[in-house]
Structures are given as structure tokens and as C-alpha cells.
Amino acid sequence: MPLYHDRGVVLRTYKLGEADRIVSILTRGHGKVRAVAKGVRKTKSRFGGRLEPASHVDLLMYEGRGELDIVSQAETVDAFRPLRDDLDRLAGAVALLEAADQLALEREANPPLYEMLVGALRTLATRDAPLVVPGFLLKALALEGYRPQVESCGACGESGPLVSWAMEEGGLRCAAHRQGPAVSRDAVLVLQHMLGGRLSAALDETRPPVVSEVDHLVVRAFEHHVERRLRSVGTFDRG
Ligand SMILES: [Zn+2]
């Protein structure tokens with residue numbers, strides 16, 4: 001069987017038999033790959049704890065004949081330890097992994113999505129920023145081609161003031177073309193930062209009402225497009 005090398009983030013794992021595990025990995029060069037990690041659940045596993053969800057790993061894999069490849073070697077690039085020691089961060093990491101899992105296609109490389117996921121996990125692990133997950137979701141939507149219009153009214157093109165979120169029509173609206181839920185000025189600014197290449201500025205926003213508002217808007221937009229409820233985002237969303 002041909003061997004290949006790639007780097008990826010473990011999205012989820014499933015038990016297989018007594019000692020093995022199936023790992024779903026978002027790789028840089030091969031998209032979403034499912035592979036068998038043999039003996040991973042034995043105490044003396046040569047993979048150790050390297051193939052846990054959210055782990056960033058260097059992989060050597062055999063190409064399987066069917067759907068499943070086989071992990072031959074796995075070396076840790078970054079285990080993102082801080083994510084595992086804090087419940088809020090863990091919930092955020094789970095939300096990121098589920099969102100990436102929903103967007104990634106099997107065996108179809110999507111390096112920007114992979115890079116965004118690694119970046120978001122790193123930020124989540126190193127920074128107290130409650131908007132990391134919404135920032136990832138919104139940028140991931142834009143990457144998918146569903147970039148909401150946040151700089152000007154979707155109906156008339158006026159730059160402001162923008163007062164509502166007409167999500168199904170594709171973005172923010174002015175008072176004259178108001179549609180959908182009301183949006184505060186602070187939330188508008190955060191959305192503009194997120195999609196305007198100023199994610200770091202967006203992540204500086206930590207005031208709970210603004211965080212909660214942006215989180216709601218972005219999660220709704222994301223769900224609208226993937227048409228599936230992100231259960232883990234529900235736990236992240238504390239109102
Ligand atoms: Zn308008």
C-alpha cells in the first residue's frame with residue numbers, strides 16, 4: 001500500500017474493536033481523511049495520547065483500499081494542552097472541530113480551512129477571547145462563498161447606520177430597509193472587523209452582551225448554511 005505524509009488536526013475519534021480507533025483528521029493536503037489507528041487504546045500504544053481530538057499532528061499513513069487509511073506514525077506538532085485544562089476552552093475547541101468537520105470534504109484538500117482551524121485552536125489555547133469560535137465560523141462561511149455583506153446595507157448600499165441582520169438576504173441592513181433582528185452598533189463593528197481582515201481587533205471585544213449578540217448572529221448564519229444544529233455551540237452560547 002502506498003505511504004504518504006501529511007499534517008492534520010484530529011477532528012474526532014471512534015472506538016473500533018478492543019484496542020483500535022478510527023480517527024477523522026482534517027489534513028492539509030488530503031482534506032478530511034478517516035484512518036485506523038491500530039492499538040491506540042492499549043496502554044503501551046506507540047501513538048500514546050497523540051491522536052486525541054484537537055491534536056495537531058504530523059502523520060505517516062498508508063493509503064487504504066476502501067474508505068479507511070491506516071496511521072503508521074503520528075508525531076505531535078501541538079497538543080494544545082491549555083484547551084484540555086479549561087471547560088470553556090474545551091467547549092470552544094469542540095465547536096471548532098465540529099464546524100470544520102461539517103465544512104470539510106472527504107479527500108478534498110482545503111488548505112485555507114485547515115490553516116484557519118489550526119490558527120483558531122492556537123488562539124483559543126493562548127488567549128482569553130470569547131469570540132474565537134464566532135470569528136472562525138464567520139470566516140469559514142466567507143471561505144465557503146457565503147460571505148455576509150457587513151460593510152453596507154444589502155438593499156441600498158448605504159454604509160450606515162446599519163441596524164439589522166437580514167441573514168437570509170445576505171447581511172446587514174439600514175433603517176429604511178430593516179429586516180431581521182436588530183443589531184447593535186458594537187456588534188456591527190465586530191462583524192466588520194472579523195470580515196475585514198482585523199480578526200485580532202474583533203477578538204479584543206469581551207463585553208458579555210456584545211459577545212453574546214455576535215455569537216447568536218454568527219451561529220444562526222452558520223446553521224442556516226450547514227442546515228444542521230451545532231450542539232456544542234449551544235454550550236458555548238451562555239447568553
Ligand atoms: Zn438600505
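Predicted model: local features only at pLDDT ≥ 70, side-chain atom pairs only at ≥ 80, totals over all residues.

I started with Ala95, which sits in helix H2, residues 87-103 (helices are DSSP runs of H or I with at least four residues, strands are E runs of at least two, both numbered from the N terminus). Ala95 is buried, at a relative accessible area of 0% (buried is under 20%, exposed over 50%, partly exposed in between, with a 1.4 Å probe and protein chains only).

Residues are numbered from 1 along each chain as its sequence is written, and side-chain values use heavy atoms, leaving out hydrogens and water.

Next, the metal. Which protein donors hold the zinc ion? I found Cys153 (SG), Cys156 (SG), Cys174 (SG) and His177 (ND1), 2.2 to 2.3 Å from the zinc ion (donors are N, O and S atoms within 2.8 Å of the metal, or 3.2 Å for Na, K and Ca; water is not among the atoms, so sites may look incomplete). Their spacing along the chain reads C-x2-C-x17-C-x2-H. The site is tetrahedral, its 4 donor atoms making angles of 91 to 119 degrees (four donors qualify if all angles lie between 85 and 135 degrees). Cys153 is buried at 1% relative accessible area, whereas Cys156 is partly exposed at 35%.

Last entry: Met1 lies in the segment before strand S1 (3-16) and is exposed at 52% relative accessible area.

Definitions and conventions: Tetrahedral: all angles 85-135°; square planar, octahedral: opposite > 155°, others 65-115°.
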